[in-house]
Amino acid sequence: MRVLRSIFAHPSGRIGAAIIALYLLAALLGALGLTPHNALRQFPIDRLKPPGEVYWLGTDLLGRDTLSRLMLGIGQSLVVAFGSVACAALAGSLIGLLAAWWGGLADGLFMRIMDVLLAFPAILLALLIIAIVGPGTWTSIAAIGIVYTPIFARVVRGPALSLKRREFVDAARTFGSSDTYTLTRHLLLNLVAPLTVQVTLALAWALLTEAGLSFLGLGTQPPAPSLGLMLAESKNLMQHAPWLMLFPGLTIMLGILGFNLIGDALRDILDPRTQRRTA
Amino acid sequence: MSPLLSVRDLHVGFGRDPLANEVVRGVSFDLAAGQTLAIVGESGSGKSVTALSVNRLVDFGGGRITRGAIALARGNGELLDLTRADERTLQKVRGHDIGMIFQEPMTSLNPVHTIGRQIEEAFRLSQGLAGQAARTAAREVLERVRIADAGARLDYFPHQLSGGMRQRVMIAMALASSPRLLIADEPTTALDVTVQAQIMALLAELREETGMAMIFITHDIGLVAGIADRIMVMQDGVVVEQNDASDVLDRPQHDYTRHLLEAVPHFRAGRATRDDAPPAGAPVVSVEGLVVRFPARKSWLGAGGGAVHAVDGVDFELAAGQTLAIVGESGCGKSTTARALLGLVGKTRGRIEVAAGRSRRPVQMVFQDPFASLNPRLDVAALLAEPAIANGQRQDAALRERMRALLARVGLPEDALSRYPHQFSGGQRQRLCIARALMLNPDVVVLDEAVSALDVSVQARVLDLLVDLQREFGLSYLFISHDMAVVERIAHRIAVMYAGQIVEIGSARAVLSAPQHSYTQRLIAAVPAVDRRKQHFSVDMTQVPSLVRPPGYEPPPARWRAVADDHSVRVEVPA
């Protein structure tokens, strides 16, 4: 609660939070079917209408309402982004924690695997995974999750290594505390701050990666609307109907900006140096 | 004679509103050329801020001088008000008139340059020397701070030198500008006692040679007794007493000065030991032939590596209800011995036997740094519950009751349970650590420098608490410390460790009053004390031997000589 309040007190955090709140609202309305028009229904008479009173953000080649499709697309993007980042954060933290805790061979092995994954460009690795398994929402979540796991492993391992040598961990060993207790209470709890920041930033990347995959036709499958897909469909109509490209593009950009702004704000808020000043 | 430095009604504040956050409130003093002023106080008393205001380094820490004047007589006779000087003038003042040495010799030297380069730079900046002239000057100044083989040492990097050597390099750099005033901010706090005595003797000799004035900041009033001409005692940003050193020490006027003088553990050479030693019984802990080695650097083929012999054949017994103190200087293996006892480091060989006790974990530990040994993200209730949870107890009303009782017993308020570590002072945190160690009802508590990080007055109260708890719960203490005066107050028996081995062991009174081993004698001679200030210390340059041994090295078997009933000393073998 305290953190939420500080985000609203932070100038860029406030903007970021407003954007993400708006996106969540749009996605929720979309999921409840409360869109201005049916996003999947085609109105052949209203093909390629520019933004106006009936269709606020215009229509596409098949006469479908852009705004309604954007709302569903945002929902789709957020589901994939949150799902994949949750997977990445869980797997990455676990791998990073165990690598730091066990050390030696396990550390070397885990982190080298992470290095190999990290060596591939994110989108290429995701493409590879989807090419093997086949496209779909769940595959996207898994693929993007795997792609961002190494970053979390690295973010956790470094501080975990230094926490492991702190005296309170030694103290825990003198009481005979279990490894699980020490790992969760003494290590993980002290890593909440860097993890929170990393999660927000990863959400921005995941959003972009999902759009990229859909653009290439390997993410969400038509006719379900998605931001990347809408961009892909608009690319041949750029001159006739620029709004078809403009609005999904802006939506992606604003979403990434929103998560990044929150991430920056969280970094400022959770930084122990600034924290001490306010405490 | 006009003073070298005259401070009048100095006020220094911090933060956005310096007037509201003043940490120094109206300090005035005069310092004549060649005089030494000691500023004594506990942490947060404003002693460092006062001294840093003199060369205006306080500006870089976010401080502002809000009122007052600091007049410095410069070398050319000009009188300068430092509170109004601009940064260019201040740089000149810092380079020529005022030298400074800091507490932490490791962090104040640049690790990527040789010490030669760093000293040469000091000469280049202050006297415009370059090339061979600077190098010669650097070698000479290193010789002046009594570093043997100075020419070769110039090419050393800071990490290749011991803490005492590094502090001498810092002093050499401060001397480069031939300052008329040297500010020393706790210059020996991070050092071992024997090294501290060396540095103090060196500073005293340099003062004689150069005739510079000194401002010496310290929390240890006993330490400055021998060197200060005047002493200024500070508390909460205010000077409570200042006078000639002998007046302050022998006829303190202010309550706080008296309190400080009483709180400082006076080392009385074995005359102040405890006489409540419990009757000898079966030992609760017995250690035999303990050896702990850490592999030293290995080549990548895994060959040719020696080992650091941190603990090399240590035997001792700890009886029920007794305090055995292990004293020695950093790197002597005393902490490693303690950690091996708790299984925090693996032993290479040897036998550690702990008698079955009141709980599954009869040995508990209190660490040196009360800030590092408590997880900052857990509240006190969770911190205290941890040992109980680890041993399978349920978190129920009985446990909470025990936590409350222990908190009250160590002198913490009832509402502490829901608070977090950062809301407590250092002394309170250490009490918390003691309470946590007692949660499992142990028989033995290992106290690893448990009071070293505390202010003297807090230290005295925690020591009293420890003695009370020992009587009440029948605890045995293994008390690891470098501070002879503290050890004298709490130990029944003392083991002196040097270079990984115990060199002397026996009853506290015998060891402290009639030390037999040359190292014990050196250690005791180095203890600063108010009532020994007239003694002269010579600069002793003995270095601790390296503990990195070639593979397969075994120490020669120990031969012991019994001095008295409970007092034996290791026979010294000439190296």
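What percentage of the 279 residues in chain A is made up of buried residues? Buried residues make up 43% of chain A; a residue is buried if 20 or more other C-beta atoms, placed from the backbone, lie within 10 Å of its own, exposed if 12 or fewer, and partly exposed in between.

This is a predicted model, in which local features need pLDDT of at least 70 and side-chain atom pairs count only at pLDDT 80 or more, while totals for chains, interfaces and linings use all residues. Residues are numbered from 1 along each chain as its sequence is written, and chains are lettered from A and ligands numbered from 1 in the order in which they are written.

**View 1. Chain A has twelve helices and zero strands.** Helices (H or I, at least four residues) and strands (E, at least two) are DSSP runs, numbered from the N terminus. The C-alpha atoms of chain A fill a box of roughly 75 × 45 × 30 Å along the principal axes. Of the contacts in chain A between residues at least 6 apart in sequence, 70% join residues at least 24 apart. Two residues are in contact if their C-beta atoms, placed from the backbone, lie within 7 Å.

**View 2. Chain B touches chain A.** Here 19 residues of chain B are in contact with 17 residues of chain A. On the chain B side, β15 (363–366) and α12 (380–390) are the elements that give two or more residues. The most comes from α12(B), with four residues. This side of chain B divides into eleven nonpolar, four polar and four charged residues. Ala, Val, Leu, Ile, Met, Phe, Trp, Tyr, Cys and Pro count as nonpolar, Asp, Glu, Lys and Arg as charged, and the others, Gly among them, as polar.

**View 3. Domain 2 of chain B meets domain 3 of chain B.** The domain assignment, automatic or from a database, gives chain B domain 1 (5–263), domain 2 (285–355 + 443–575) and domain 3 (358–442). The contact takes 17 residues from domain 2 and 18 residues from domain 3. On the domain 2 side, β16 (444–448) and α15 (456–473) give two or more residues. The largest share of that side, five residues, comes from β16(B).

**View 4. B:L82 lies in the loop between β5 (79–81) and α2 (87–97) of chain B.** B:L82 counts as buried because it has 21 C-beta neighbours inside 10 Å. Apart from neighbours within four places in sequence, B:L82 is in contact with B:V54, B:R56, B:I70, B:L72 and B:V93.
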